[in-house]
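Colleague: I have a few questions about this model before I set anything up. Can we go through it piece by piece?

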Amino acid sequence: MSIQLAARTRHMTSSAIRDILKLTERPGVLSLAGGLPSPEGFPLAALRQASERVWQTQGAQAMQYANSEGLMPLREWMARRISRPGWAVSAEQVLVTTGSQQGLDLLGKVLLDPGSRLLVEQPTYLGALQAFSVYGPALAPWPGDAHGSEQGLEQGPDPQALLDAAQPGPQVAYLVPSYQNPTGACLCEARRRALAQALQAGHTTLIEDNPYGELWYDAPPPDPIAVHAPHHTAYLGSLSKVLAPGLRLGFVVTPPDEAPGAQALRTRLLQAKQATDLHTPGFNQRLVLQLLQDGFDLDAHVSSVRQAYKAQRDAMAAALQRHLPEGCVWQVPQGGMFFWVQGPPGFDAAATLPAAVESGVAYVPGAAFYTEGHASKGRQMRLSFVTLSPDQLEEAVSRLAVHMKVALVQAS
Ligand SMILES: Cc1ncc(COP(=O)(O)O)c(C=O)c1O
């Protein structure tokens with residue numbers, strides 16, 4: 001008799017991106033597929049030095065069990081780093097997580113019942129769908145216009161949707177307001193305020209996921225929505241894009257003490273965290289604390305990462321302009337790691353991926369990021385610009401363009 005799996009495993013999906021990444025390991029393939037930060041942005045020498053000091057001065061503590069909330073000095077530092085005028089975050093509000101991906105899972109565990117209405121943008125971050133789906137929510141595509149932009153109130157997810165709780169029970173909304181994965185879109189300040197107002201008027205809890213907020217190339221993004229609606233928002237941050245994803249350090253910021261339900265949310269999140277992994281590795285937490293204590297200037301570091309990514313973004317924008325066939329549509333992202341490109345009518349991004357990999361370039365077909373049908377999703381693709389050098393980006397886009405032109409002729 002075969003092993004019987006729990007019913008909830010039927011909701012589990014594998015990430016299409018990981019499957020595609022396997023294909024791109026072939027030699028000679030230039031991959032625009034993975035959302036991998038550039039290794040050149042990892043401060044390896046400083047991390048090595050800090051690591052040696054951790055071993056010398058606190059090796060045993062680093063190897064011991066630690067508390068589930070995270071080390072207090074790290075929570076204090078995280079709270080200080082994200083606080084801003086109008087949003088004074090305390091260390092008690094911060095739960096250190098094993099990547100913000102774990103924060104998504106823990107929030108899913110404590111906020112979602114089977115059948116809970118969960119509003120998600122179309123398209124949205126695949127890893128969030130993977131984390132939430134296990135808890136059986138009723139996924140509701142969040143109606144909106146275009147996919148957000150700097151331009152005005154009418155762009156982005158509709159605030160009204162936060163007020164229509166069509167079903168009984170909790171309603172949760174998930175949003176990446178700054179440099180979204182996959183679209184790169186950034187919500188303007190007016191839309192953020194409108195969403196915050198709707199949160200305050202209704203019964204929806206927002207999960208605001210902000211791993212890319214510091215990766216801005218032209219001007220910083222507007223304040224997070226949590227600043228305007230702190231009582232209704234669970235905010236997720238990450239060190240993956242500003243330091244290194246291998247550290248697996250992220251955090252959840254829960255609403256302040258006086259918010260109704262804040263204490264219960266904190267207690268349940270902590271219990272969920274204990275059940276999942278007891279705590280985030282103490283060595284990694286101590287490593288970052290030591291790095292900071294040694295005088296590592298994270299702001300200067302992030303600024304240099306921004307500079308490199310901006311050059312890569314500009315190289316990609318120029319290459320797309322130069323090579324892509326007529327009828328392609330995209331916007332230059334103001335931050336983050338991705339271009340979102342829509343091919344001309346007749347282009348099928350998923351069907352032509354294997355041939356594209358054969359011709360030496362990989363991307364992620366856009367359909368993977370939707371929970372349901374969308375008229376042009378088959379023509380869309382996500383292109384990452386942070387892993388390859390400007391010269392490689394030029395070559396990758398030129399290969400992609402040749403491939404698209406061949407595919408379009410074959411389709412016609
Ligand atoms: C929108 C979004 N949220 C969360 C994550 C997870 O990041 P991490 O677990 O490395 O902090 C990612 C990773 O790419 C992401 O794109």
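Modeller: An oxygen atom of the ligand is 2.9 Å from a polar backbone atom of Q101. As for ground rules, this is a predicted model, where local features need pLDDT of at least 70 and side-chain atom pairs count only at pLDDT 80 or more, while totals for chains, interfaces and linings use all residues. Residues are numbered from 1 along each chain as its sequence is written, and side-chain values use heavy atoms, with hydrogens and water left out.

Colleague: Which side chains have a polar atom by an oxygen atom of the ligand?

Modeller: S100 has a polar side-chain atom 2.8 Å from a ligand oxygen, and a side-chain N or O atom of S240 is 2.6 Å from an oxygen atom of the ligand. Taken alone the ligand exposes 400 Å², and the protein buries 92% of that. Those areas come from the Shrake-Rupley method with a 1.4 Å probe; for residues, only the protein chains shown count as cover.

Colleague: Which residues around the ligand come nearest?

Modeller: Of the 14 residues around the ligand, those are S100, D209, Y212, S238 and S240. A residue is near a molecule or strand if one of its heavy atoms lies within 4 Å of it.

Colleague: What is the shell made of, by class? And which helix gives the most to it?

Modeller: The shell has 5 nonpolar, 6 polar and 3 charged residues. Here Ala, Val, Leu, Ile, Met, Phe, Trp, Tyr, Cys and Pro count as nonpolar, Asp, Glu, Lys and Arg as charged, and the others, Gly among them, as polar. Helix α4 (residues 99-111) gives the most, with 3 residues. Helices (H or I, at least four residues) and strands (E, at least two) are DSSP runs, numbered from the N terminus.

Colleague: Which way do its residues point?

Modeller: Q171, A173 and L175 point one way from β7, and V172 and Y174 the other way. In a regular strand the side chains alternate between the two faces of the sheet.

Colleague: What does β7 pair with?

Modeller: β7 pairs in the parallel sense with strand β3 (residues 117-120) over 4 bridges, and with strand β8 (residues 204-209), also parallel, over 5 bridges. Two strands pair if DSSP finds at least two bridges between them.

Colleague: Which helix makes a β-α-β unit with β7 and β8?

Modeller: Helix α6 (residues 189-201), and the unit is right-handed. That label applies if, with the strands pointing away from the viewer, the path from the first strand over the helix to the second runs clockwise.

Colleague: How many residues of α5 are buried?

Modeller: For helix α5 (residues 126-133) the count is 7 of the 8, so it is largely enclosed by the rest of the structure.

Colleague: And L278, what is its phi?

Modeller: Near 65°, a positive value. L278 lies in the loop between α8 and α9 and is partly exposed at 42% relative accessibility. H279 is found in the loop between α8 and α9 but counts as buried at 12%.

Colleague: Last one: what does the side chain of T254 contact?

Modeller: The side chain of R266, in a polar contact at 3.0 Å. A polar contact is a pair of N or O atoms within 3.5 Å; within protein, one must be able to donate a hydrogen and the other to accept it, and residues adjacent in sequence count only if both atoms are side-chain atoms. T254 is buried, at 3% relative accessibility.

Terms used
Buried means under 20% relative accessible area, exposed over 50%, partly exposed in between (1.4 Å probe, protein chains only).
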